[in-house]
Amino acid sequence: FMKHFSSKKKGAKTEVPEKMDKYPTTRIFNIPLKLAAERCGTGYVPAPILDSIRWLNKHALDEEGLYRVPGNWTSYKTYKHMYNSGQVVDYEEIDERVPENVAMMIVRYVKKLPGGTYSLLGEYGEQFKSILSVPEEEIEEEAIYNLLLSLPVENRETLRALNDHLTLVVEHSDNNLMTTNNITITFGIMFGRTIASFFEYTTVHPDIFPKTVIFGEKLCDSSRSMHNKNLIPHPIWKVIDYLDDGRYSDDLYVNVPVWSNVEKWRYLFDSGIDIEFGDQCDLDEICGIIRLWFKYNPVNIFTIPDCANSLSLFGYASKITDQKKKNGSVEISNATTS
């Protein structure tokens, strides 16, 4: 009966419902680099790349033909599911012993980026392509540097991590046979000529990458990133300068800021942008920048002095203390260093 009296017109297209994402809040593959890095909590480099690089650098630099032999598809699907479902993938604990399986994770992850492998170069793919299309001796180093500086920090740091890894692979080419030329040929097949040309150039010129990341770096390294005195990291110096302009108060460092907003400031600083705070900035968020810097710092500089820079920060802490005493506030040390 229904067969003969269906209201559906002959030839009408059937709407196919959108496929439900199995990992709506934890997916790492097939999403933008920035979102993937945020979900992984591994800095600016997504975990599948960072974990794989670390394992390969430790166990597989002498593996003959690294990246030229494909890995096991079942292993790839297993690891991909683990990452996408929010699990930690520890190759050591899993007892992974096949370098090709781990290298495949890097290759497949990059290929699965929205926009493909070319998206590693952000919106500047065509500019990189144009600059890298000439003989190496004619390549303008400053132009490459400026393009790298213009990239989103997650793109730049992912490229840097891959480049540092490939530089080590080439250094072991006597054993693994992966010379710069072989890397270029292999990556050209996998990722396309522009990406291959990029790494062909940067593995020979690894210092071309701008050093802008400040949070999470050792004190001396983060200080050298942007601050011309090389003593105090740029975010701390900027906050000090801002507070010195008559903005000290009794509740400085006491109130809890909106940390998601403070994280946005961190991203801007780590991108290499020279920030100027406006008059309407939230003081709790501005002070939160310093608190966040201490949180990300890999060592406790108040117990393990790190060259002369620690003395500069001790001086700043004393300055805050003196200012709070003048204002009649006594809750200083915990608020300043927490």
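Take helix α6, residues 99–111: at 1.5 Å a residue its 13 residues should span 18 Å, and its end C-alpha atoms sit 19 Å apart, which agrees. The expected span here is 1.5 Å times one less than the number of residues. Helices are DSSP runs of H or I with at least four residues, strands are E runs of at least two, and both are numbered from the N terminus. This is a predicted model, with local features needing pLDDT of at least 70 and side-chain atom pairs pLDDT 80 or more, while totals for chains, interfaces and linings use all residues. Residues are numbered from 1 along each chain as its sequence is written, and side-chain values use heavy atoms, with hydrogens and water left out.

How much of α6 is buried? Of its 13 residues, 12 are buried, where buried means under 20% relative accessible area, exposed over 50%, and partly exposed in between (1.4 Å probe, protein chains only). The buried set runs through P99, E100, N101, V102, A103, M104, M105, I106, V107, R108, Y109 and V110. Their cover includes α2 (33–40), α3 (47–59), α4 (73–84), α5 (91–94), α9 (153–171) and α11 (180–191).

Stepping back to the whole protein, there are 18 helices and zero strands. Of its 338 residues, 48% count as buried. A contact means heavy atoms within 4.5 Å, and among contacts between residues at least 6 apart in sequence, 70% join residues at least 24 apart. The protein exposes about 18,300 Å², with carbon and sulfur atoms supplying 51% of that; the areas come from the Shrake-Rupley method with a 1.4 Å probe, and for residues, only the protein chains shown count as cover.

Now for the rings. The structure holds 17 aromatic pairs, counted when ring centres of Phe, Tyr and Trp (its six-membered ring) lie within 6.5 Å; planes under 30 degrees apart are stacked, over 60 edge-to-face, and the rest tilted. F29 and Y109 have their centres 5.0 Å apart and their planes at 75 degrees, so that pair is edge-to-face. F29 lies in the loop between α1 (2–5) and α2, and Y109 in α6, so the pair ties together parts 80 residues apart in sequence. Both partners are tucked away: F29 is buried at 0% relative accessible area, and Y109 is buried at 1%. Another edge-to-face pair is Y79 with Y91, at 5.3 Å centre to centre and 80 degrees between the planes. Here Y79 belongs to α4 and Y91 to α5, so the link spans parts 12 residues apart in sequence. Y79 is buried at 5% relative accessibility, and Y91 is buried at 3%. Elsewhere, Y67, F128, F187, F191, F198, F199 and F209 form one aromatic cluster.

The charged end of K34 sits over the ring of Y267, 4.1 Å from its centre. R247 does likewise over the ring of Y242, at 3.8 Å from the centre.

Side chains of opposite charge can pair when their charged atoms come close. The rule is a side-chain nitrogen of Lys or Arg within 4 Å of a carboxyl oxygen of Asp or Glu, and the count comes to 11. D279 pairs with R247, the closest N and O atoms being 3.0 Å apart. D279 lies in the loop between α15 and α16 (283–296) and R247 in the loop between α14 and α15, so this bridge ties together parts 32 residues apart in sequence. D279 is exposed at 64% relative accessible area, whereas R247 is buried at 17%. Shared partners also join K238, D274 and E276 into one salt-bridge network. D21 and R27 form another bridge, with closest N and O atoms 3.0 Å apart; D21 is partly exposed at 36%, while R27 is buried at 16%.

Finally, a look at the backbone. Most residues other than glycine have a negative phi. L177 has a positive phi of about 65 degrees although it is not a glycine, and Y253 has one of about 70 degrees. L177 is in the loop between α10 (173–176) and α11, partly exposed at 42%. Y253 lies in the loop between α14 (234–244) and α15 and is buried at 2%.

Notes. A charge sits over a ring if NZ of Lys or CZ of Arg is within 6 Å of the ring centre and within 35 degrees of the ring normal.
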